[in-house]
Amino acid sequence: MKKIAILRCMKTSASCAGAGCLRAFYEKDKAFAQYGDEELRLMAMWTCNGCGDSMLENQEGIRKKIERMKALELDALHISHCTHKKDVNGEKHLCPKIKAIIDELQEAGITIVDGTH
């Protein structure tokens, strides 16, 4: 059984219920198709603590979330598409806050998968 978590953008979560990510997970569609018939367990669906004007005052909370992900001994962390923002030229780039989270969890041995649905 693979233990999976999904990380999404706090800004986007204001208008997104996460239904697309959950549908893809439970139907083993899109980025989750790679697991085939293997049993999956969704351990967490969490958000960053924001950036720019929407950054939460208590940034210490992100430390708790990261440590919790490590303690869960995840096999993979799927990064939702909403964590990639368009620049002035319309090109998508991974949010720097999300990148820092990814780097730390990758160092802890967690496989990072770009995408959900």
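## Close-up views: salt bridges and the sheet

View 1. R23 counts as partly exposed, at a relative accessible area of 32% (buried is under 20%, exposed over 50%, partly exposed in between, using a 1.4 Å probe and protein chains only). Keep in mind that this is a predicted model, where local features need pLDDT of at least 70, side-chain atom pairs count only at pLDDT 80 or more, and totals for chains, interfaces and linings use all residues. Residues are numbered from 1 along each chain as its sequence is written, and side-chain values use heavy atoms, with hydrogens and water left out. R23 forms a salt bridge with D29, and their closest N and O atoms sit 3.1 Å apart (the rule: a side-chain nitrogen of Lys or Arg within 4 Å of a carboxyl oxygen of Asp or Glu). D29 is partly exposed too, with a relative accessible area of 27%. By this rule, the count comes to seven salt bridges.

View 2. The salt bridge between E67 and K70 has its closest N and O atoms 3.4 Å apart. E67 is partly exposed at 38% relative accessible area, and K70 is partly exposed at 29%.

View 3. The closest N and O atoms of the D103–K99 salt bridge are 2.6 Å apart. K99 is partly exposed at 39%, and so is D103 at 28%. Elsewhere, salt bridges that share partners tie R63, E67, K70 and E104 into one network.

**View 4. Four strands make an open, parallel sheet.** The order is β2-β1-β3-β6 (strands pair if DSSP finds at least two bridges between them). At the edges are β2 (40-47) and β6 (111-114), each pairing on one side only. Neighbouring strands are turned by 25° against each other on average, direction ignored (axes are lines fitted to C-alpha atoms, for helices over the stretch in contact, and angles run from 0 to 180 degrees between N-to-C directions).

**View 5. Helix α3 packs on the sheet.** Helix α3 (residues 60-71) touches β1 and β2, and its direction makes about 170° with that of β2 (contact means heavy atoms within 4.5 Å). Strand β1 (residues 2-8) runs parallel to β3 (residues 76-79), joined by four bridges. I4 stands opposite A76 in β3.

Key
Helix = DSSP H or I, 4+ residues; strand = E, 2+ residues; numbered from the N terminus.
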